[in-house]
Amino acid sequence: MIKLGIDAPPASRTAQVVALLESDIEIQTLWYMANRTSRRAAVNDHGPVHVRTAMHHGDSLLRLLIEAGVQPNCITDHAMTEDDARVVVLLGLATHDVGMSIH
């Protein structure tokens, strides 16, 4: 099982989602299978390491945008919190390549 290494306050939704992703065998298998497909297609990594890297970059970009005063629309339009915005970004990145597992 891959550890994502995303830092979050223990009681936050982000921490709950990260713990779920780190312990869920189904999502971990989807990441593994996406990587198998990318190897057969002779393209770069699309597995767990790619997901972890993308999640870290996305989390950093979100933090930089918020610090610069840019508010995600889930905050401005849907009354969500910054923690919710992190969850949205991280889940989007966690699942962005799982369709490759089907091939």
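Tutor: Let us begin with Asp 59, which has its place in helix α3. Keep in mind that we are looking at a predicted model.

Student: Is Asp 59 buried or exposed?

Tutor: A residue counts as buried when its relative accessible area is under 20%. Asp 59 has 16%, so it is buried.

Student: Which residues does Asp 59 touch, leaving aside those up to four places away in sequence?

Tutor: Asp 59 touches Ile 6, Arg 86 and Leu 90. With Arg 86 there is also a salt bridge, and the closest N and O atoms are 2.7 Å apart. This pair links distant parts of the chain, since Arg 86 is in helix α5 and Asp 59 in helix α3, 27 residues apart. Arg 86 is buried too, with a relative accessible area of 17%.

Student: How many salt bridges does the structure hold?

Tutor: There are 3. Another one joins Arg 13 and Asp 84, with 2.6 Å between the closest N and O atoms. Arg 13 belongs to helix α1 and Asp 84 to helix α5, so this bridge ties together parts that are 71 residues apart in sequence.

Student: What makes up the secondary structure of the chain?

Tutor: The protein chain has 5 helices and 0 strands. Of its 103 residues, 40% count as buried.

Student: Which residues touch the most other members of the largest nonpolar core?

Tutor: They are Leu 4, Ile 6, Leu 21, Trp 31 and Met 55, in a core of 16 residues. Helices α1, α2, α3 and α5 each give two or more residues to this core, and the largest share, 4 residues, comes from α5. A second, separate core has 5 residues, including Ile 66 and Cys 74.

Student: Why does the length of α5 agree with what a helix should span?

Tutor: At 1.5 Å a residue, the 14 residues of α5 should span 20 Å, and the end C-alpha atoms are 20 Å apart, which agrees. At the start of α5, a side-chain oxygen of Thr 81 reaches to within 3.3 Å of the backbone nitrogen of Asp 83.

Student: What about phi angles?

Tutor: Most residues other than glycine have a negative phi. Ala 79 has a positive phi of about 55 degrees although it is not a glycine. Ala 79 is found in the loop between α4 and α5, and at 71% relative accessibility Ala 79 counts as exposed.

Technical notes: Residues numbered from 1 in each chain as written. Predicted model: local features only at pLDDT ≥ 70, side-chain atom pairs only at ≥ 80, totals over all residues. Heavy atoms only, no water. Core = buried A, V, L, I, M, F, W, Y, C linked by side-chain atoms within 4.5 Å. Buried < 20%, exposed > 50% of the residue type's maximum accessible area, 1.4 Å probe, protein only. Contact = heavy atoms within 4.5 Å. Expected span 1.5 Å × (residues − 1). Polar contact = N/O pair within 3.5 Å; in protein donor to acceptor, adjacent residues only side chain to side chain. Salt bridge = Lys/Arg side-chain N within 4 Å of Asp/Glu carboxyl O.
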